Amino acid sequence: MKQTLLEKIRNHTARVCVAGLGYVGLPFAVEKGKMGFHVVGVDNKQERVDMVNRGINFISDVKDDELKDLVDRGLLSAVRSFEDAGDIDVLVIAVPTPLTKNLTPDLQSIENVTRLFAPFVRRGQLISLESTTYPGTTEEIMLPILESGGLKAEKDFFVAHSPERVDPGNPHYTTKNTTKVVGGVGPESLDVAYAFYSQTIEHVVPVSSAKAAELVKVFENTFRAVNIALVNELALLCDRMNLNVWEVLDAAFTKPFGIMPFYPGPGVGGHCIPLDPHYLEWKAKELNFSTHFITLAGEINRMMPEFVRLKAWRVLNSFGVAPSQAKILVMGVAYKKNLGDCRESPSIEILEMLVKDGVQVVYHDPFVSEFSQNAISMQSQPLTQDLIERQHLVMILTDHSNVDYTFLATHAAHILDTRNATRNVAVNRERITLL
Ligand SMILES: NC(=O)c1ccc[n+]([C@@H]2O[C@H](COP(=O)([O-])OP(=O)(O)OC[C@H]3O[C@@H](n4cnc5c(N)ncnc54)[C@H](O)[C@@H]3O)[C@@H](O)[C@H]2O)c1
């Protein structure tokens, strides 16, 4: 039974199902399809299912023509439910793992998908969870549901965790050339999962358990959150010391060993860094253990939007402009440069604060033409000289590469640059305040 599955994996005749066709699931489905596997996506959003079936791409890391080609050749399709997905050999789960309002894990999507799939578990299948989550999810939450029909993991079917590490928008590291970690609920599962991932990914690193693989991923994101908090704290201190944090960091990072670059900013955003460490924090509490670094990093990173607002008021005050009379142009609402993803974006949190303060605020973002979040719906304004000159202040919150920052600095009354995007701008430096 194991050999049959391994053979299907090795000769690419295994039928692969990807549950969750988002930033992680769709690029993965395309990568598997390009290797010749028949891939079916399951997503509960009808719109996404329809788009895939029409060969229309909606994820920036996926190439439009590659997706269309796979759909045309019948190698990729999408459905709403497992009932319509056909006979599946390998199920990869890449559904969201958000936090509740109280910063506790919300595993609803993982649990839902696992329950919906449970009636379709059969001998000789591999089920691999890719969603980021706390150590123990695969074994403690998924396994009992998958085994509820009577079949047993390791003996009848195989279960693994292989965290996705994709960095959306990264031109160098994609699904294919980013080393992947994999852990099984037992050695049989690890064998099968290792064989499966090795087909499409250049380097696969096995670890001893699914739990260890889960911890690898949350640790990686905790590492980033803590280091970003460290440089954010340095930015707050430099503000008090009247020092330029960017100059200090640039000089520090010239040391060729023992340090690595992280940069401050208006806060952390996206689906990973602000959320994942709290999965670990929550799990640690169950063991009566406090993850002090995670708590502290979260506190510091969440302080940044408020600090940026304060800094903006200081600049306006120096011109004698009250916030309620101010006109501000926000540059960038995406959480990260060169992406159109606004999830958990600190820019939007800051925009909301400005609106509450009575500021007349507009935004420009070449990657986000409009957004609607909480009580605010806005559209990106074309970046014209007139638009810039009408503002009391321009706030750079996301440092997209395709913006002409010299043009901005030439026409802006003043710029508050929270990303050092104006690093190479030579004109009107006296009108630029850095974070
Ligand atoms: N985006 C990233 O950069 C990134 C990187 C590494 C890991 N991750 C992790 O991967 C997981 C997925 O993240 P994402 O960014 O791809 O999310 P996403 O929101 O882009 O995509 C998730 C997809 O799952 C679908 N979905 C939700 N519930 C479902 C259900 N019950 N049944 C079927 N489909 C369902 C949604 O409609 C959506 O299309 C998360 O755990 C995330 O933390 C994300």
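Modeller: Ala, Val, Leu, Ile, Met, Phe, Trp, Tyr, Cys and Pro count as nonpolar, Asp, Glu, Lys and Arg as charged, and the others, Gly among them, as polar. By that scheme, the lining of the second largest pocket has 14 nonpolar, eight polar and five charged residues. This is a predicted model, where local features need pLDDT of at least 70 and side-chain atom pairs pLDDT 80 or more, while totals for chains, interfaces and linings use all residues. Numbering runs from 1 along each chain as its sequence is written, and side-chain values use heavy atoms, without hydrogens or water.

Biologist: What volume does the second largest pocket have?

Modeller: About 710 Å³ (a pocket is an open set of points on a 1 Å grid over the protein atoms alone, where a 1.4 Å probe fits, with protein on both sides within 12 Å along at least five of seven lines; lining residues have an atom within 4 Å of a point; volume is the space filled by probe spheres on the points). Of its 27 lining residues, Pro-274, Leu-275, Arg-302, Glu-344 and Glu-349 are closest to the centre.

Biologist: Which helix gives the most to that lining?

Modeller: Helix 11, with six residues (helices are DSSP runs of H or I, at least four residues; strands are E, at least two). Two or more residues each come from helix 10 (276-286), helix 11 (292-318) and helix 12 (346-356).

Biologist: Which residues come nearest to the ligand?

Modeller: Val-24, Asp-43, Arg-48, Thr-97 and Thr-132, out of 26 around it (a heavy atom within 4 Å). That shell divides into eleven nonpolar, nine polar and six charged residues. Helix 5 (residues 108-117) supplies its largest share, three residues.

Biologist: Which side-chain atom of Arg-48 lies 2.8 Å from a ligand oxygen?

Modeller: A polar one. For Val-24, a backbone N or O atom lies 2.9 Å from a ligand oxygen.

Biologist: How many salt bridges are there?

Modeller: The count is 25 (a side-chain nitrogen of Lys or Arg within 4 Å of a carboxyl oxygen of Asp or Glu). One of them joins Asp-89 to Lys-8, with closest N and O atoms 2.9 Å apart. Asp-89 sits in the loop between strand 3 (76-79) and strand 4 (90-93), and Lys-8 in helix 1 (residues 2-10), 81 residues apart.

Conventions: Polar contact = N/O pair within 3.5 Å; in protein donor to acceptor, adjacent residues only side chain to side chain.
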